[in-house]
Amino acid sequence: MSQNEVELQPRSRFSRGQRLWGGLRQQWRLLGVFEINEQHPFHGLTCMMKEGLSAAVQNTIDNPPPDELSEVDFKQEVTQIHKGFIMQTFAGPVFASLRRSVGLTEREYQRSLSCSECYLQFISNSKSKADFFITNDKRFFLKTQSEQEIKFLLAHLKAYLDHLERYPHSLLVKFLGVHRIKVPRKRQKYFIIMQSVFYPDERIENRYDIKGCEVNRWTDPAPKGSQVIVVLKDMNFEGQFMTLDKQRSWLVRQVEIDTAFLQSLNVLDYSLLLAHQTLHQDERSHSLSFATLIMRTTKSLNTGSPGGAEPEEVSALLVPEASNSYGTERCQDDDPQQVDRDSPGPPDFWAQNRRLLPSFRNPLHVMDGPEQRYFLGIVDVFTTYGLRKRLEGLWKRLRYPGRAVSTVSPAAYARRLSQWVQDHTQ
């Protein structure tokens, strides 16, 4: 474990308006996204985040991660001392390697996280006590987490990276950094940075948080013509389908694989984020005329990848459209967990790493159907099936007999979400 200490320049402290936040949260609960300006209670915290992250990423720029990660890299902690607060970065080389794998440069990442414009606050209808911040360009989410959740992520970081290496097009959200801010005489703040699933969002028509169940899974939509951003739920999507045509079998299989991985970690209560927008006519013709299938193998994580690159920058193998590019049908009945245990090889491994990636700024979370563009990602993967969740599940089953509740075993949760995708795609 290594620990570096760097003295840096002053910035701001926590805002004095913390007591105001309870009332403001109630007042703003339906506003969705808004600027964290100087009057906002979180302005001081986000200023520290910007300053600390700028320095943390600069440290990575000055000390690039190795081509081959070691156990030391996974356990590394770097401490940087600022006036009024301390920023700690966990497993920095590991997350830098992951950022590189999705085509993100460190300078680009640094510019987005430390830009002069305000961060944005996202008020969700989630029961989570976490605070959500978004960079001004809406490209990255920053979310506060408990110490227990951070320890869980770091303990399973190697397994998470192995999964992404085996399935580079995985729907699992891409974690790009883990940090902690310490301020004298105040409670420390852990937070993670994630690639936004809904990026870019200028034309998105509806957003959904899907858990595959029905109890408490309805949200009142925003009034017609309103600019309010509301994330809808399972019951709001009933009667609708994702129309994906040839790519449907790939999606169904990938959800099975990803949920089987989460089951192996004893995780439940995660969500499939889903959004859609109508394709413009030129986008439809482009997707039909240039149906280029991009294969990414296990080398994708180490070489820089199609994740955020422009078409001419893609370092990947192009597969002719005439090949069996979606060949998941022949292995639909395979055990998803068996796929993860076996050595990668045809046909399943190659089929799941061969997919039509749109020429788009966020291709790993985007799938184009004939008429619609869909944004998809699996998030909130920190809830484990311990005693508390077992008791909660028992109580919900007694309260809602015969109805599908969110709290079930990880195996049942994985099957149910996979079944939801099967039932709502065509």
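Modeller: Contact here means heavy atoms within 4.5 Å. The model is predicted.

Colleague: With which residues is F132 in contact, leaving aside its neighbours within four places in sequence?

Modeller: F132 is in contact with L120, Q121, F122, S124, F141, L142 and K143. These residues count because each has heavy atoms within 4.5 Å of F132.

Colleague: How far apart are the C-alpha atoms of F132 and L142?

Modeller: They are separated by 5.9 Å, while the two residues are 10 apart along the chain. F132 itself is found in strand β5, which covers residues 132–134.

Colleague: Why is F132 called buried?

Modeller: Buried means under 20% relative accessible area. F132 has 11%, so F132 is buried.

Colleague: What makes H82 count as buried?

Modeller: The cut-off is again under 20%. The relative accessibility of H82 is 4%, and therefore H82 counts as buried. H82 lies in strand β2, residues 77–82.

Colleague: What makes the link between the side chains of H82 and E51 a polar contact?

Modeller: A polar contact needs a pair of N or O atoms within 3.5 Å, one able to donate a hydrogen and the other to accept it. The side chain of H82 meets the side chain of E51 at 2.7 Å, so the pair passes the distance cut-off and is listed as a polar contact.

Colleague: What share of the protein is buried?

Modeller: Of its 426 residues, 55% count as buried. F132 and H82 are both buried. The protein exposes about 20,100 Å², and carbon and sulfur atoms supply 50% of that area.

Colleague: How many helices and strands does the protein have?

Modeller: There are 15 helices and 16 strands. Among contacts with a separation of 6 or more, 75% join residues 24 or more positions apart.

Colleague: How many cavities of 30 Å³ or more does the structure hold?

Modeller: It holds 2. The largest cavity has a volume of about 120 Å³. Two elements, α6 (147–155) and α9 (248–264), each give two or more residues to the lining of the largest cavity.

Colleague: Which residues of that lining lie nearest the centre of the cavity?

Modeller: The lining has 13 residues, and Y160, F175, L262, L265 and V381 lie nearest the centre.

Conventions: Residues are numbered from 1 along each chain as its sequence is written. This is a predicted model: local features need pLDDT of at least 70, side-chain atom pairs count only at pLDDT 80 or more; totals for chains, interfaces and linings use all residues. Side-chain values use heavy atoms; hydrogens and water are left out. Helices (H or I, at least four residues) and strands (E, at least two) are DSSP runs, numbered from the N terminus. Buried means under 20% relative accessible area, exposed over 50%, partly exposed in between (1.4 Å probe, protein chains only). Accessible areas come from the Shrake-Rupley method with a 1.4 Å probe; for residues, only the protein chains shown count as cover. On a 1 Å grid over the protein atoms alone, a cavity is a set of points where a 1.4 Å probe fits but cannot get out, and a pocket is an open set with protein on both sides within 12 Å along at least five of seven lines; lining residues have an atom within 4 Å of a point. Grid points are joined across faces, edges and corners, and a volume is the space filled by probe spheres set on the points.
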